[in-house]
Amino acid sequence: MSLEIQKMPTLGYFNKIICDSLGLWSSDLKDIYFDVPANEEERKKALQDAFCVTKKDDDTYGTLSELISVTSEISPGQKEIVRKNKTIQSHINYFSKEDFASYDELVDFKGYIKVVIEDVYKSSELSDFAYKIYESSIMYYREFVREHAAKPRTYLDSYIFFVKSILIDLIESLSNDVSINKNHLSGNVNGESNDWPLRTFVDSVTERCGVSLHRLHQFHDFKLNHKNYSDKAIWNEDLSSQSINTRSKQVIGRLNKNNKIKWNGFYSIINPLLQLLPADIDEASFEVKAYSAFVVHNINRHLRELPSKDIYTKNKLWDWNYPMLTSGNNYFPVSDQLDLIVNDEEVIDGQKIQASMQRYHELIKNLRLLSYSIIGALEVPSTLEFLYSKNSMDDPIEAMFKTSAEVPIWICEWNRARISVSSSDAASALHHYKNSLESAKYSAGPLFIILYTEICAFCKHQYKELKKNNEEHLFDRFYEPLGAEAAKYAILIGYAPGTSRDPKTLIPRSTSPKKSAFLMYKIDLKMKAIT
């Protein structure tokens, strides 16, 4: 990562870190078979073709039923493709530098990663858990980017805070959900107190089993020469005079060093300990706990490669766990849970939404207590507060100029754009909005949704003005790219809902209709305010 960091790492970069931490790659070239659904571009083209089929001589179109009849026939289906594992890894490396081009690209690629995980980890319990880590981590990072506005020069520290204080807690929480008895094999993978989670896990398991590491090494040496013995039978042998296995000792010795560890090599060494654990600890729970420590070990290795003094410093203000380690159902971040509840067409559970709102407000409060937050004590609405409230919100920009020791460039450019809009200088406003948008990505937190609605309102206003003079082509040339770029990022990070197409009818629909309606309401209010 570059030392000249002007924003938090992109979603594409974070995606690479998670995939690498899951241990998905090997040096061997391998073909992987994917059943790939049609992508957005293919479905969009098929819908356009269907419109052409239903077009009449008088330039009108057929009925919706006729259109659906055609799309049902020509809608693209799944296809099987073969890719090398190195090809998928190359795509990930590309995204880490260029970011995802769109939310649709992210969704499509998640499907590839799921297949790769299932190919690498044959155990269904382990592959399911690994994919949960992957998908849930992506959602939590998107939430953090939406809700945390970082001060200049604290972007890397903000990212490190997320990894150490949220991501690692998330992994422990997900692993706890797998275990029937959460008090067994806790593993202490939390990165704040444990730099070497794999070694801590092994030490806690051997202590629980009542055996030493020396005896474990003796076990493996005996097994090397008695392959027909079961693990249980070997543990019942007198191993006191048995020599130790060099490989076993080397693997364990590497666990408290900044080494790259191979999952299969590590797990084959500790797996025999399962026979000595209580009967209510099944192999799936044991494997998941060991794997969670493996993933955190890899994440810690990633942190040590970053150029920051805060890697080993615990933030004194963060004494609140998010997600909660002892509560289940942490797969979705709390803001995503609220979105799902609000946009659910069924009757809303008032008690459920109240509990989620309380946890959401606690998250926002604690994020703003961080020394990295540019918002701090300022009255700035959170992303969901701004989106779902019909009340007018105070303008945060003026307060930012008064209270911030260093105002970020995206706020300065945003302010210049507003001045240009108020003086009816559309060309200047366009220039400054472009600059603000580019700098605000992965920096602005909840302030981005305010900027986004302003950009949409500005573009919508300009279209209306240009249309009066039959100059819509100028909108397509100058303003549409700004709106499209803003929308692409807003949907990718989750400020705005995306759309999906019915696989048969190909008709697009919003993934969150109520959220779309609230967003349009905010944009229309801002457009009316433009004179």
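Trainee: Why are helix 2 and helix 3 called oblique to each other?

Mentor: This is a predicted model, in which local features need pLDDT of at least 70 and side-chain atom pairs count only at pLDDT 80 or more, while totals for chains, interfaces and linings use all residues. Residues are numbered from 1 along each chain as its sequence is written, and side-chain values use heavy atoms, with hydrogens and water left out. Helix 2 (residues 40-54) and helix 3 (residues 64-74) pack at an angle of about 130°, and their axes are 9 Å apart. Angles under 35 degrees count as roughly parallel, over 145 as roughly antiparallel, 65 to 115 as roughly perpendicular and the rest as oblique, and helix 2 and helix 3 are therefore oblique to each other. The angles run from 0 to 180 degrees between N-to-C directions, with axes fitted to C-alpha atoms over the stretch in contact, and the helices are DSSP runs (H or I, at least four residues) numbered from the N terminus.

Trainee: Which residues make the contact of helix 2 and helix 3?

Mentor: Helix 2 contributes A46, L47, D49, A50, F51, V53 and T54, and helix 3 contributes E66, L67, V70, T71 and I74, where contact means heavy atoms within 4.5 Å. By class, this contact of helix 2 with helix 3 has 8 nonpolar, 2 polar and 2 charged residues; Ala, Val, Leu, Ile, Met, Phe, Trp, Tyr, Cys and Pro count as nonpolar, Asp, Glu, Lys and Arg as charged, and the others, Gly among them, as polar.

Trainee: Why are helix 17 and helix 18 called oblique to each other?

Mentor: Helix 17 (residues 396-403) and helix 18 (residues 409-422) have axes that come within 11 Å and cross at roughly 135°, and helix 17 and helix 18 are therefore oblique to each other. Their contact is made by I397, M400 and F401 of helix 17 together with I411, C412, W414, N415 and R418 of helix 18, and the residues divide into 6 nonpolar, 1 polar and 1 charged.

Trainee: What lines the second largest cavity?

Mentor: The second largest cavity is lined by R146, S335, D339, T383, L384, L387, G494, Y495 and K515. A cavity is a set of points on a 1 Å grid where a 1.4 Å probe fits but cannot get out, whereas a pocket is an open set with protein on both sides within 12 Å along at least five of seven lines, and lining residues have an atom within 4 Å of a point. Helix 14 (334-342) and helix 16 (383-388) are the elements that give two or more residues to the lining of this cavity, and helix 16 gives the most, with 3 residues. The volume of the second largest cavity is about 40 Å³, and a search of the whole structure finds 2 cavities of 30 Å³ or more.

Trainee: How many residues line the second largest pocket?

Mentor: The second largest pocket, with a volume of about 1000 Å³, is lined by 35 residues, of which D20, G23, L24, W25 and K260 lie nearest its centre. The largest share of this lining, 5 residues, comes from helix 1, and the lining residues divide into 14 nonpolar, 11 polar and 10 charged.

Trainee: Which peptide bond is cis, and where is D99?

Mentor: The peptide bond from Y322 to P323 is cis, with omega near -5°, and P323 is found in the loop between helix 13 and helix 14. D99 lies in the loop between helix 4 and helix 5, and its phi is near 70°, a positive value in a residue other than glycine.

Key
Points joined across faces, edges and corners; volume = space filled by probe spheres on them.
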